[in-house]
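Visitor: I have a structure here and would like to go through it by question and answer. Where do we start?

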Amino acid sequence: MKVIKKYMCIGLGLLCFGLGAVGVLLPLLPTTPFLLAAAFFFARGSEKFNTWFLGTELYKNHLESFVSTRAMTFKTKASILAFASAMLLLAFVFTNSILARVLIAGMFIFKYYYFTFHITTLKKDERANE
């Protein structure tokens with residue numbers, strides 16, 4: 001079971017990394033959420049892949065400041081919130097369960113609360129100095 005989990009994490013990490021890389025080129029596809037997911041999966045799947053990922057320019061440009069300082073630029077915050085909000089709104093619209101809708105609304109509110117009060121917003125010049 002451990003080997004299967006390891007390979008699933010590596011595969012999901014590579015998929016998320018690929019989607020994040022495509023997101024750099026396509027403005028409609030967000031980069032940061034996919035790279036965060038890739039970091040999560042690589043850390044659980046393989047030390048070798050995790051080390052490789054931490055050395056990539058994508059990681060350094062999009063996640064390094066968040067990991068080290070728990071801070072993001074406004075643009076990064078907005079792209080993550082927009083993508084996550086769209087996904088939650090889709091789920092909200094297509095569910096018929098009142099309980100599910102209440103849970104989704106709660107997640108929506110908590111997401112904005114967390115990003116507003118627990119993740120510092122960096123100015124562009126602050127990010128460049130790191």
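Visitor: Is Tyr113 buried, partly exposed or exposed?
Guide: This is a predicted model, and the values for it are computed. Buried means under 20% relative accessible area and exposed means over 50%. Tyr113 has a relative accessible area of 41%, so its class is partly exposed.

Visitor: What kind of aromatic pair do Phe110 and Tyr113 form?
Guide: A pair of aromatic rings is described by the distance of the centres and the angle of the planes. Planes under 30 degrees apart count as stacked and over 60 as edge-to-face. For Phe110 and Tyr113 the centres are 6.3 Å apart and the planes are at 40°, so the pair is tilted.

Visitor: Which helix holds Phe110 and Tyr113?
Guide: Phe110 counts as exposed at 52% relative accessibility. Phe110 and Tyr113 are three residues apart, about one turn of the helix. Both belong to helix 7 (residues 98–117).

Visitor: How many aromatic pairs are there in total?
Guide: Rings pair if their centres lie within 6.5 Å. By this rule the count is 12 aromatic pairs.

Visitor: What is the angle between the planes of Phe34 and Phe83?
Guide: Phe34 and Phe83 form an aromatic pair, with 5.6 Å from centre to centre. The pair is tilted, and the angle between the planes is 55°.

Visitor: How many residues apart are Phe34 and Phe83?
Guide: Phe34 lies in helix 2 (residues 32–45) and Phe83 in helix 6 (residues 74–94). At 15% relative accessibility Phe34 counts as buried, whereas Phe83 is partly exposed at 26%. The pair links distant parts of the chain, and the separation is 49 residues.

Visitor: Which residues form an aromatic cluster?
Guide: The cluster is made of Phe, Trp and Tyr residues. Its members are Phe17, Phe42, Phe49, Trp52, Phe53 and Tyr59.

Visitor: Which residues is Asn50 in contact with, leaving aside its neighbours within four places in sequence?
Guide: Asn50 is found in helix 3 (residues 47–54). With a relative accessible area of 13%, Asn50 is buried. Its contacts, apart from those sequence neighbours, are Ala39, Phe42 and Ala43.

Visitor: Which residues is Cys16 in contact with, leaving aside its neighbours within four places in sequence?
Guide: Cys16 has its place in helix 1 (residues 2–25) and counts as buried at 10% relative accessibility. Apart from the sequence neighbours, the contacts of Cys16 are Phe34, Ala37, Ala38 and Phe41.

Visitor: Which charged residue lies over the face of Phe108?
Guide: Over the face of Phe92 lies Arg101, at 4.9 Å from the ring centre. For Phe108 the distance to the ring centre is 4.5 Å, and the residue is Lys111.

Visitor: What is the phi of Arg70?
Guide: Most residues other than glycine have a negative phi. Arg70 lies in the loop between helix 5 (64–69) and strand 1 (71–73), and counts as partly exposed at 39% relative accessibility. Arg70 is not a glycine, yet its phi is positive, at about 55°.

Visitor: What pattern does the protein follow along the sequence?
Guide: The secondary structure comes to eight helices and two strands. Read along the sequence, the pattern is α-α-α-α-α-β-α-α-β-α.

Visitor: Among contacts between residues at least 6 apart in sequence, what share joins residues at least 24 apart?
Guide: The C-alpha trace spans about 45 × 45 × 25 Å along its principal axes. Of the 130 residues, 32% are buried. Among contacts between residues at least 6 apart, the share that joins residues at least 24 apart is 62%.

Visitor: How far apart are the mean positions of the positive and negative charges?
Guide: The accessible surface comes to about 8,800 Å², and 71% of this belongs to carbon and sulfur atoms. The protein has 14 positive and 6 negative charges. The distance between their mean positions is 12 Å.

Note on methods:
Residues are numbered from 1 along each chain as its sequence is written. This is a predicted model: local features need pLDDT of at least 70, side-chain atom pairs count only at pLDDT 80 or more; totals for chains, interfaces and linings use all residues. Side-chain values use heavy atoms; hydrogens and water are left out. Helices (H or I, at least four residues) and strands (E, at least two) are DSSP runs, numbered from the N terminus. Buried means under 20% relative accessible area, exposed over 50%, partly exposed in between (1.4 Å probe, protein chains only). Contact means heavy atoms within 4.5 Å. Accessible areas come from the Shrake-Rupley method with a 1.4 Å probe; for residues, only the protein chains shown count as cover. Lys and Arg count as positive and Asp and Glu as negative; His and the chain ends are not counted. The place of a charge is taken as NZ of Lys, CZ of Arg, CG of Asp or CD of Glu. Rings of Phe, Tyr and Trp (its six-membered ring) pair if their centres lie within 6.5 Å; planes under 30 degrees apart count as stacked, over 60 as edge-to-face and the rest as tilted. A charge sits over a ring if NZ of Lys or CZ of Arg is within 6 Å of the ring centre and within 35 degrees of the ring normal.
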